[in-house]
Amino acid sequence: MTSKTISNGILRAVSIIVGIAILLWFLYKIQSVIVYLVIAGIISLLGRPIVVLLKSKFKFPDTLAVVTTMLVFLIIIFGIISLFIPLIIEQGQNLSLLDIDTLQANIENLYKEGISHFGLNTNEVEQSIKDSKYMSKINFGIIPDFVNAIISGFGSFSIGLFSVLFISFFFLKDSKIMSSGILSILPKKHDKRLRKSFVTIRDLLTRYFGGLLLQLTILFVIYTVILLIFGIENAVIIATLCALLNIIPYVGPIISAFVLILLSMSSNLGQSFSDVILPKTLYVMFGFMVAQLVDNFFSQPLIFSKSVKSDPLEIFLVIIIAGLLFGIVGMIVAIPAYTALKVIAKEFLSEYRVVNKLTEGLDD
(Lines give C-alpha, C1' and ligand atoms only; values in the text may rest on other atoms or scores of the structure.)
Protein backbone atom coordinates (compact mmCIF):
# COMPACT_ATOMS: atom_id res chain seq x y z
CA MET A 1 0.00 0.00 0.00
CA THR A 2 1.57 3.27 -1.14
CA SER A 3 1.55 6.56 0.69
CA LYS A 4 -0.67 7.96 -2.07
CA THR A 5 -3.30 5.28 -1.44
CA ILE A 6 -3.19 5.93 2.29
CA SER A 7 -3.49 9.68 1.82
CA ASN A 8 -6.41 9.21 -0.59
CA GLY A 9 -8.13 6.96 1.94
CA ILE A 10 -7.62 9.50 4.71
CA LEU A 11 -8.95 12.31 2.51
CA ARG A 12 -11.97 10.21 1.56
CA ALA A 13 -12.71 9.41 5.23
CA VAL A 14 -12.33 13.06 6.23
CA SER A 15 -14.60 14.10 3.37
CA ILE A 16 -17.27 11.63 4.48
CA ILE A 17 -17.07 12.82 8.09
CA VAL A 18 -17.27 16.48 7.01
CA GLY A 19 -20.17 15.67 4.69
CA ILE A 20 -22.06 13.93 7.49
CA ALA A 21 -21.37 16.83 9.85
CA ILE A 22 -22.65 19.35 7.27
CA LEU A 23 -25.74 17.22 6.66
CA LEU A 24 -26.50 17.00 10.40
CA TRP A 25 -25.96 20.75 10.77
CA PHE A 26 -28.27 21.39 7.83
CA LEU A 27 -30.97 19.09 9.27
CA TYR A 28 -30.64 20.86 12.61
CA LYS A 29 -31.13 24.23 10.96
CA ILE A 30 -34.25 23.11 9.07
CA GLN A 31 -35.73 21.12 11.94
CA SER A 32 -38.95 23.15 11.84
CA VAL A 33 -39.39 22.23 8.16
CA ILE A 34 -38.83 18.57 9.04
CA VAL A 35 -41.51 18.84 11.73
CA TYR A 36 -43.90 20.38 9.16
CA LEU A 37 -43.17 17.52 6.76
CA VAL A 38 -43.78 14.89 9.44
CA ILE A 39 -47.08 16.46 10.56
CA ALA A 40 -48.16 16.89 6.94
CA GLY A 41 -47.29 13.26 6.30
CA ILE A 42 -49.46 12.15 9.23
CA ILE A 43 -52.35 14.32 8.01
CA SER A 44 -52.01 12.88 4.51
CA LEU A 45 -52.07 9.35 5.92
CA LEU A 46 -55.22 10.14 7.91
CA GLY A 47 -56.82 11.96 4.98
CA ARG A 48 -56.00 9.36 2.36
CA PRO A 49 -58.99 7.08 3.18
CA ILE A 50 -61.30 10.11 2.86
CA VAL A 51 -59.82 11.03 -0.53
CA VAL A 52 -60.15 7.43 -1.74
CA LEU A 53 -63.76 7.30 -0.51
CA LEU A 54 -64.69 10.56 -2.26
CA LYS A 55 -63.06 9.45 -5.50
CA SER A 56 -64.41 5.89 -5.57
CA LYS A 57 -67.90 6.26 -4.08
CA PHE A 58 -68.83 9.82 -5.03
CA LYS A 59 -66.74 10.12 -8.21
CA PHE A 60 -65.01 13.33 -7.09
CA PRO A 61 -62.16 14.57 -9.31
CA ASP A 62 -58.72 14.34 -7.70
CA THR A 63 -58.36 18.02 -6.88
CA LEU A 64 -61.91 18.37 -5.56
CA ALA A 65 -61.51 15.28 -3.36
CA VAL A 66 -58.30 16.68 -1.87
CA VAL A 67 -59.80 20.16 -1.35
CA THR A 68 -62.87 18.64 0.35
CA THR A 69 -60.64 16.56 2.62
CA MET A 70 -58.54 19.61 3.52
CA LEU A 71 -61.72 21.56 4.31
CA VAL A 72 -62.78 18.76 6.66
CA PHE A 73 -59.43 19.02 8.47
CA LEU A 74 -59.68 22.83 8.60
CA ILE A 75 -63.17 22.65 10.10
CA ILE A 76 -61.95 20.17 12.72
CA ILE A 77 -58.84 22.25 13.55
CA PHE A 78 -60.67 25.58 13.86
CA GLY A 79 -63.52 23.88 15.71
CA ILE A 80 -61.05 22.57 18.29
CA ILE A 81 -59.35 25.96 18.54
CA SER A 82 -62.63 27.87 18.98
CA LEU A 83 -63.80 25.33 21.56
CA PHE A 84 -60.68 24.82 23.63
CA ILE A 85 -58.78 28.12 23.64
CA PRO A 86 -61.38 29.86 25.87
CA LEU A 87 -61.44 26.77 28.08
CA ILE A 88 -57.64 26.74 28.35
CA ILE A 89 -57.59 30.40 29.38
CA GLU A 90 -60.43 29.84 31.85
CA GLN A 91 -58.78 26.73 33.28
CA GLY A 92 -55.50 28.60 33.61
CA GLN A 93 -57.22 31.38 35.52
CA ASN A 94 -59.19 28.97 37.70
CA LEU A 95 -56.10 27.01 38.64
CA SER A 96 -53.98 30.15 38.88
CA LEU A 97 -51.52 28.62 36.45
CA LEU A 98 -50.49 32.09 35.33
CA ASP A 99 -49.84 33.27 38.89
CA ILE A 100 -46.87 31.60 40.56
CA ASP A 101 -47.61 32.80 44.10
CA THR A 102 -51.28 31.77 44.03
CA LEU A 103 -50.43 28.42 42.47
CA GLN A 104 -47.86 27.70 45.16
CA ALA A 105 -50.30 28.77 47.88
CA ASN A 106 -53.01 26.48 46.46
CA ILE A 107 -50.71 23.46 46.38
CA GLU A 108 -49.42 24.16 49.89
CA ASN A 109 -53.03 24.49 51.06
CA LEU A 110 -53.93 21.11 49.57
CA TYR A 111 -50.85 19.60 51.18
CA LYS A 112 -51.72 20.96 54.63
CA GLU A 113 -55.35 19.87 54.37
CA GLY A 114 -54.22 16.38 53.42
CA ILE A 115 -51.88 16.20 56.40
CA SER A 116 -54.66 17.41 58.69
CA HIS A 117 -57.10 14.86 57.26
CA PHE A 118 -54.80 11.97 58.11
CA GLY A 119 -54.52 13.09 61.74
CA LEU A 120 -51.03 14.51 61.85
CA ASN A 121 -50.12 17.51 64.00
CA THR A 122 -50.67 20.56 61.79
CA ASN A 123 -48.30 22.80 63.76
CA GLU A 124 -45.50 20.29 63.58
CA VAL A 125 -46.04 19.81 59.86
CA GLU A 126 -46.07 23.55 59.21
CA GLN A 127 -42.93 23.97 61.29
CA SER A 128 -41.19 21.15 59.44
CA ILE A 129 -42.17 22.75 56.12
CA LYS A 130 -40.73 26.09 57.28
CA ASP A 131 -37.57 24.48 58.63
CA SER A 132 -36.91 22.40 55.55
CA LYS A 133 -38.14 25.10 53.15
CA TYR A 134 -39.09 22.20 50.90
CA MET A 135 -41.94 23.98 49.16
CA SER A 136 -39.78 27.03 48.51
CA LYS A 137 -37.27 24.83 46.71
CA ILE A 138 -39.84 23.71 44.14
CA ASN A 139 -39.68 25.78 41.00
CA PHE A 140 -43.36 26.50 40.46
CA GLY A 141 -42.38 28.95 37.76
CA ILE A 142 -42.00 26.04 35.34
CA ILE A 143 -45.79 25.59 35.13
CA PRO A 144 -46.83 29.19 34.40
CA ASP A 145 -43.82 29.63 32.11
CA PHE A 146 -44.96 26.59 30.16
CA VAL A 147 -48.55 27.82 29.93
CA ASN A 148 -47.44 31.34 29.00
CA ALA A 149 -45.16 29.88 26.32
CA ILE A 150 -48.11 28.02 24.83
CA ILE A 151 -50.27 31.14 24.82
CA SER A 152 -47.54 33.34 23.32
CA GLY A 153 -46.78 30.62 20.78
CA PHE A 154 -50.10 31.15 19.03
CA GLY A 155 -48.47 34.04 17.16
CA SER A 156 -46.29 31.65 15.13
CA PHE A 157 -48.95 28.94 15.12
CA SER A 158 -50.66 30.42 12.04
CA ILE A 159 -47.42 30.21 10.01
CA GLY A 160 -46.88 26.59 10.98
CA LEU A 161 -50.52 25.74 10.30
CA PHE A 162 -50.39 27.28 6.82
CA SER A 163 -47.14 25.44 6.03
CA VAL A 164 -48.52 22.09 7.21
CA LEU A 165 -51.78 22.48 5.28
CA PHE A 166 -49.96 23.59 2.12
CA ILE A 167 -47.62 20.58 2.23
CA SER A 168 -50.50 18.24 3.16
CA PHE A 169 -52.45 19.36 0.09
CA PHE A 170 -49.69 18.22 -2.26
CA PHE A 171 -49.08 15.01 -0.30
CA LEU A 172 -52.78 14.15 -0.64
CA LYS A 173 -52.97 15.22 -4.28
CA ASP A 174 -49.96 13.12 -5.22
CA SER A 175 -49.41 10.32 -2.71
CA LYS A 176 -46.22 9.32 -4.56
CA ILE A 177 -44.54 12.72 -4.36
CA MET A 178 -42.38 11.82 -1.34
CA SER A 179 -41.54 8.31 -2.52
CA SER A 180 -40.62 9.67 -5.95
CA GLY A 181 -38.27 12.18 -4.35
CA ILE A 182 -36.56 9.46 -2.36
CA LEU A 183 -36.30 7.17 -5.40
CA SER A 184 -34.64 9.92 -7.41
CA ILE A 185 -31.59 9.90 -5.13
CA LEU A 186 -31.26 6.10 -4.84
CA PRO A 187 -29.96 3.55 -7.36
CA LYS A 188 -32.52 2.80 -10.08
CA LYS A 189 -32.08 -0.97 -9.76
CA HIS A 190 -33.93 -0.88 -6.43
CA ASP A 191 -36.94 1.09 -7.72
CA LYS A 192 -39.40 -1.81 -7.88
CA ARG A 193 -38.62 -3.12 -4.40
CA LEU A 194 -38.61 0.37 -2.89
CA ARG A 195 -41.98 1.21 -4.45
CA LYS A 196 -43.43 -1.97 -2.97
CA SER A 197 -41.98 -1.06 0.43
CA PHE A 198 -43.40 2.48 0.29
CA VAL A 199 -46.91 1.18 -0.48
CA THR A 200 -46.75 -1.29 2.43
CA ILE A 201 -45.42 1.37 4.83
CA ARG A 202 -48.11 3.82 3.74
CA ASP A 203 -50.90 1.29 4.30
CA LEU A 204 -49.57 0.17 7.70
CA LEU A 205 -49.01 3.71 8.99
CA THR A 206 -52.42 4.84 7.72
CA ARG A 207 -54.01 2.11 9.83
CA TYR A 208 -51.72 2.88 12.77
CA PHE A 209 -52.48 6.60 12.94
CA GLY A 210 -56.18 5.92 12.37
CA GLY A 211 -56.10 3.44 15.24
CA LEU A 212 -54.18 5.89 17.42
CA LEU A 213 -56.81 8.54 16.75
CA LEU A 214 -59.50 6.03 17.74
CA GLN A 215 -57.56 5.19 20.93
CA LEU A 216 -57.31 8.85 21.98
CA THR A 217 -61.00 9.41 21.18
CA ILE A 218 -62.03 6.47 23.38
CA LEU A 219 -59.89 7.75 26.26
CA PHE A 220 -61.24 11.29 25.79
CA VAL A 221 -64.85 10.07 25.96
CA ILE A 222 -64.23 7.95 29.07
CA TYR A 223 -62.33 10.75 30.86
CA THR A 224 -65.00 13.30 29.99
CA VAL A 225 -67.85 11.10 31.23
CA ILE A 226 -66.02 10.37 34.49
CA LEU A 227 -65.20 14.02 35.17
CA LEU A 228 -68.73 15.15 34.33
CA ILE A 229 -70.28 12.50 36.58
CA PHE A 230 -68.27 13.72 39.56
CA GLY A 231 -68.81 17.40 38.79
CA ILE A 232 -65.23 18.39 37.97
CA GLU A 233 -65.14 21.84 36.36
CA ASN A 234 -63.85 22.18 32.79
CA ALA A 235 -64.08 18.43 32.32
CA VAL A 236 -63.63 18.64 28.55
CA ILE A 237 -60.27 20.41 28.60
CA ILE A 238 -58.90 18.18 31.39
CA ALA A 239 -60.03 15.08 29.50
CA THR A 240 -58.45 16.37 26.29
CA LEU A 241 -55.11 17.07 27.99
CA CYS A 242 -55.00 13.67 29.71
CA ALA A 243 -55.99 11.84 26.52
CA LEU A 244 -53.32 13.60 24.44
CA LEU A 245 -50.66 12.69 27.00
CA ASN A 246 -51.32 9.05 26.15
CA ILE A 247 -49.54 9.64 22.85
CA ILE A 248 -46.37 9.07 24.91
CA PRO A 249 -46.25 5.27 25.44
CA TYR A 250 -46.09 4.00 29.04
CA VAL A 251 -44.89 7.34 30.47
CA GLY A 252 -47.89 9.32 29.20
CA PRO A 253 -50.50 7.56 31.38
CA ILE A 254 -48.36 8.18 34.50
CA ILE A 255 -48.08 11.89 33.68
CA SER A 256 -51.81 12.10 32.87
CA ALA A 257 -52.65 10.45 36.22
CA PHE A 258 -50.64 13.14 38.05
CA VAL A 259 -52.26 15.90 35.98
CA LEU A 260 -55.72 14.44 36.59
CA ILE A 261 -55.17 14.34 40.36
CA LEU A 262 -53.80 17.89 40.50
CA LEU A 263 -56.51 19.43 38.30
CA SER A 264 -59.34 17.50 39.96
CA MET A 265 -58.23 18.56 43.44
CA SER A 266 -57.51 22.14 42.39
CA SER A 267 -60.94 22.54 40.79
CA ASN A 268 -62.53 21.93 44.21
CA LEU A 269 -60.38 24.35 46.20
CA GLY A 270 -62.26 26.04 49.02
CA GLN A 271 -64.43 23.00 49.76
CA SER A 272 -64.03 20.44 52.52
CA PHE A 273 -61.01 18.25 51.96
CA SER A 274 -62.46 15.24 53.81
CA ASP A 275 -66.01 15.47 52.46
CA VAL A 276 -65.46 16.73 48.90
CA ILE A 277 -61.88 16.95 47.60
CA LEU A 278 -60.54 13.56 48.73
CA PRO A 279 -63.64 11.46 47.82
CA LYS A 280 -63.97 13.09 44.38
CA THR A 281 -60.29 12.58 43.68
CA LEU A 282 -60.50 8.89 44.64
CA TYR A 283 -63.56 8.38 42.43
CA VAL A 284 -61.86 10.12 39.53
CA MET A 285 -58.74 7.98 39.94
CA PHE A 286 -60.87 4.83 40.00
CA GLY A 287 -62.43 5.95 36.72
CA PHE A 288 -58.95 6.68 35.37
CA MET A 289 -57.87 3.11 36.15
CA VAL A 290 -60.96 1.78 34.36
CA ALA A 291 -60.04 3.89 31.31
CA GLN A 292 -56.48 2.53 31.38
CA LEU A 293 -57.76 -1.05 31.61
CA VAL A 294 -59.94 -0.45 28.55
CA ASP A 295 -56.97 1.10 26.76
CA ASN A 296 -54.47 -1.62 27.70
CA PHE A 297 -56.71 -4.61 26.99
CA PHE A 298 -58.73 -3.28 24.04
CA SER A 299 -57.37 -0.19 22.28
CA GLN A 300 -53.62 -0.87 22.29
CA PRO A 301 -53.77 -4.57 21.29
CA LEU A 302 -56.10 -3.60 18.45
CA ILE A 303 -53.72 -0.90 17.20
CA PHE A 304 -50.47 -2.81 17.55
CA SER A 305 -51.58 -6.25 16.36
CA LYS A 306 -53.91 -5.15 13.57
CA SER A 307 -52.09 -2.11 12.21
CA VAL A 308 -48.31 -2.49 12.61
CA LYS A 309 -48.38 -6.30 12.96
CA SER A 310 -45.89 -6.48 15.80
CA ASP A 311 -45.84 -8.49 19.01
CA PRO A 312 -46.62 -6.46 22.19
CA LEU A 313 -43.30 -7.51 23.80
CA GLU A 314 -41.46 -6.51 20.63
CA ILE A 315 -43.19 -3.11 20.69
CA PHE A 316 -42.40 -2.66 24.40
CA LEU A 317 -38.68 -3.30 23.86
CA VAL A 318 -38.56 -0.98 20.84
CA ILE A 319 -40.24 1.85 22.76
CA ILE A 320 -37.95 1.42 25.79
CA ILE A 321 -34.81 1.42 23.64
CA ALA A 322 -36.00 4.44 21.64
CA GLY A 323 -36.81 6.25 24.89
CA LEU A 324 -33.34 5.59 26.30
CA LEU A 325 -31.67 6.78 23.11
CA PHE A 326 -33.85 9.74 22.10
CA GLY A 327 -36.08 10.54 25.09
CA ILE A 328 -39.79 11.33 24.84
CA VAL A 329 -39.64 12.12 21.12
CA GLY A 330 -38.06 8.72 20.51
CA MET A 331 -40.87 6.96 22.38
CA ILE A 332 -43.51 8.77 20.31
CA VAL A 333 -41.97 7.99 16.90
CA ALA A 334 -40.67 4.52 17.84
CA ILE A 335 -43.58 2.49 16.48
CA PRO A 336 -43.95 4.25 13.08
CA ALA A 337 -40.16 4.28 12.54
CA TYR A 338 -39.79 0.62 13.55
CA THR A 339 -42.66 -0.37 11.26
CA ALA A 340 -41.00 1.36 8.30
CA LEU A 341 -37.65 -0.29 9.08
CA LYS A 342 -39.31 -3.73 9.31
CA VAL A 343 -40.90 -3.34 5.88
CA ILE A 344 -37.62 -2.24 4.27
CA ALA A 345 -35.69 -5.00 6.03
CA LYS A 346 -38.16 -7.63 4.81
CA GLU A 347 -37.77 -6.42 1.22
CA PHE A 348 -33.96 -6.15 1.17
CA LEU A 349 -32.69 -8.45 3.95
CA SER A 350 -35.08 -11.38 3.76
CA GLU A 351 -32.20 -13.87 3.47
CA TYR A 352 -31.45 -13.43 7.18
CA ARG A 353 -33.44 -15.66 9.54
CA VAL A 354 -33.75 -13.02 12.25
CA VAL A 355 -35.34 -10.64 9.71
CA ASN A 356 -37.76 -13.35 8.57
CA LYS A 357 -38.72 -14.01 12.19
CA LEU A 358 -39.35 -10.34 12.99
CA THR A 359 -41.26 -9.65 9.77
CA GLU A 360 -43.32 -12.83 9.40
CA GLY A 361 -46.49 -11.01 10.48
CA LEU A 362 -46.24 -8.59 7.54
CA ASP A 363 -47.39 -11.34 5.17
CA ASP A 364 -50.85 -11.53 6.80
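If helix α14 were a straight helix of 37 residues, it would span 54 Å at 1.5 Å a residue, yet α14 spans only 25 Å between its end C-alpha atoms. The place to look is F326, where α14 bends by about 145°. Keep in mind that this is a predicted model. The protein comes to 15 helices and zero strands, and of its 364 residues, 36% count as buried.

**The overall picture**

- Take the contacts in the protein with a separation of 6 or more: residues 24 or more positions apart account for 67% of them.

**Helix α14 and its residue E347**

- Helix α14 covers residues 312-348, and E347 is found in it.
- Is E347 buried or exposed? Its relative accessibility is 18%, and buried means under 20%, so E347 counts as buried.
- Leaving aside residues up to four places away in sequence, E347 touches R193, K196 and S197.

**Helix α2, with a kink**

- The kink in α2 is about 40° and lies at G47, shortly before the proline P49.
- Several α2 residues are tucked away: A40, G41, I43, S44, L45, G47, V51 and L54 are buried.
- Here's a handy bit of background for reading a list like that: an α-helix has 3.6 residues a turn, so residues three or four places apart point the same way.

- Helix α10 has 39 residues and reaches 57 Å from its first C-alpha to its last, close to the 57 Å expected at 1.5 Å a residue.
- Just after α10 comes G231, which takes a positive phi of about 70°.
- How do α2 (residues 31-56) and α10 (residues 191-229) pack? They meet at an angle of about 90°, and their axes are 9 Å apart.
- That angle is why α2 and α10 are described as roughly perpendicular to each other.
- On the α2 side of the contact you'll find I42, L45, L46, R48 and P49, while α10 brings R202, D203, L205, T206, F209 and G210.
- Sorted by class, this contact of α2 with α10 has six nonpolar, two polar and three charged residues.

- S163 has 19% relative accessibility, so it counts as buried.
- F162 has 57% relative accessibility, so it counts as exposed.
- S163 and Y36 are 127 residues apart in sequence, but in space they are 6.8 Å apart, C-alpha to C-alpha.
- F162 and Y36 are 126 residues apart in sequence and 9.8 Å apart in space, again C-alpha to C-alpha.

**The loop between α11 and α12**

- Helix α11 (235-245) and helix α12 (251-266) have a loop between them, and N246 lies in that loop.
- N246 is buried, because its relative accessible area is 6% and the cut-off for buried is under 20%.
- What does N246 touch, not counting residues up to four places away in sequence? It touches L216, L219, Y223, P253, S256, Q292 and D295.
- The C-alpha atoms of N246 and L212 are separated by 9.7 Å, and the two residues are 34 residues apart along the chain.
- Y250 lies in the loop between α11 and α12 as well.
- Y250 has a phi near 65°, a positive value in a residue other than glycine.
- With 34% relative accessibility, Y250 counts as partly exposed.

**The loop between α2 and α3**

- K59 has its place in the loop between α2 and α3 (62-94).
- What is the phi of K59? It is near 55°, a positive value in a residue other than glycine.
- K59 has 64% relative accessibility, so it counts as exposed.

Methods
Residues numbered from 1 in each chain as written. Predicted model: local features only at pLDDT ≥ 70, side-chain atom pairs only at ≥ 80, totals over all residues. Heavy atoms only, no water. Axes fitted to C-alpha atoms, helices over the stretch in contact; angles between N-to-C directions. Helix = DSSP H or I, 4+ residues; strand = E, 2+ residues; numbered from the N terminus. Parallel < 35°, antiparallel > 145°, perpendicular 65-115°, else oblique. Contact = heavy atoms within 4.5 Å. Nonpolar A, V, L, I, M, F, W, Y, C, P; charged D, E, K, R; others polar. Buried < 20%, exposed > 50% of the residue type's maximum accessible area, 1.4 Å probe, protein only. Bend = angle between axes of the 7 residues up to and from the residue. Expected span 1.5 Å × (residues − 1).
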